[in-house]
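The sequence and the coordinates are shown first, and a description follows.

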Amino acid sequence: MARRNTRRQQSTGKPAWVWFVLGNFVGGFAVFVFLLNDLKIEQGKVAARAEKPAAREPAPAEAKPRFDFYKLLEENEVKVPEPKKQQARVKAGEEKSGDTAQRVEPKSDLVYILQAASFRDKAEADRLRAQLMLANLDVKVESATDTRGTWHRVLVGPYTNRSKMAAARSVLAEHRLMPLVLKRPAKG
């Protein structure tokens with residue numbers, strides 16, 4: 001094969017960096033001329049202001065500032081009703097004195113149960129149940145059968161309020177478990 005002797009055609013134009021630098025100089029000069037013209041206009045305005053100080057009326061010495069926001073705030077005032085106070089329920093058999101009254105959670109129709117995990121093998125479910133019992137949680141294993149077979153669910157609870165449930169969830173999170181929250185009707 002024969003090599004082709006191709007030469008690059010040498011361009012007779014100027015390199016790109018020359019055009020870049022030239023453009024920057026022209027642009028800078030245009031900005032300089034514009035700012036110089038603007039500066040002259042500003043100086044003319046300042047000189048005109050300095051010549052007309054007598055045209056202003058002297059301000060009265062006893063003039064007090066006028067504030068309208070006091071009136072505007074009164075017009076836009078919104079009346080907020082007082083919040084309803086929760087009455088403390090007292091356990092049966094105790095007197096109703098303000099110092100000895102203990103708060104009792106209001107009865108709810110639902111209880112919260114946390115499903116920590118579900119396994120096909122009962123031995124794995126019992127192993128997790130033992131670990132969670134050592135973490136001082138109320139744990140039980142519930143078996144359920146469906147079309148896919150028998151599942152052994154590890155359930156924690158029941159809890160009557162959300163704060164106790166949240167505490168149990170944090171314990172489960174320490175064991176690297178992401179529980180499901182189940183709401184069930186309260187028994188009895």
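The model is predicted. Its sheet is open and is built from 4 strands in the order 2-3-1-4, with antiparallel pairing. Strand 2 (139-146) and strand 4 (180-185) form the edges, each pairing on one side only. On average, neighbouring strands of this sheet are turned by 40° against each other, direction ignored.

Two helices pack on this sheet. Helix 3 (residues 122-134) touches strand 1 (110-119), strand 2 and strand 3. Helix 4 (residues 162-174) touches strand 1, strand 3 and strand 4.

| Helix | Strand used for the angle | Angle between directions |
|---|---|---|
| Helix 3 (residues 122-134) | strand 2 | about 155° |
| Helix 4 (residues 162-174) | strand 1 | about 15° |

The pairing of strand 2 with strand 3 can be followed residue by residue. Strand 3 comprises residues 149-159, runs antiparallel to strand 2, and is joined to strand 2 by 8 bridges. A hairpin of 2 residues connects strand 2 to strand 3. In general, strands of a sheet pair through backbone hydrogen bonds, either parallel or antiparallel.

Strand 3 also contains Trp151. Is Trp151 buried or partly exposed? Trp151 has a relative accessible area of 23% and is therefore partly exposed, since the buried class requires a value under 20%. Leaving aside neighbours within four places in sequence, Trp151 is in contact with Ser118, Phe119, Arg120, Glu142, Ser143, Ala144 and Asp146. The C-alpha atoms of Trp151 and Ala125 are separated by 9.4 Å, and the two residues are 26 residues apart along the chain.

The second residue is Asn161, which is found in the loop between strand 3 and helix 4. Because its relative accessible area is 11%, Asn161 is buried. The side chain of Asn161 is joined to that of Ser163 by a polar contact of 3.4 Å.

In summary, the sheet is open and antiparallel, helix 3 packs on the sheet, and helix 4 packs on the sheet as well.

How values were computed
Residues numbered from 1 in each chain as written. Predicted model: local features only at pLDDT ≥ 70, side-chain atom pairs only at ≥ 80, totals over all residues. Heavy atoms only, no water. Pairing = 2+ DSSP bridges. Axes fitted to C-alpha atoms, helices over the stretch in contact; angles between N-to-C directions. Contact = heavy atoms within 4.5 Å. Buried < 20%, exposed > 50% of the residue type's maximum accessible area, 1.4 Å probe, protein only. Polar contact = N/O pair within 3.5 Å; in protein donor to acceptor, adjacent residues only side chain to side chain.
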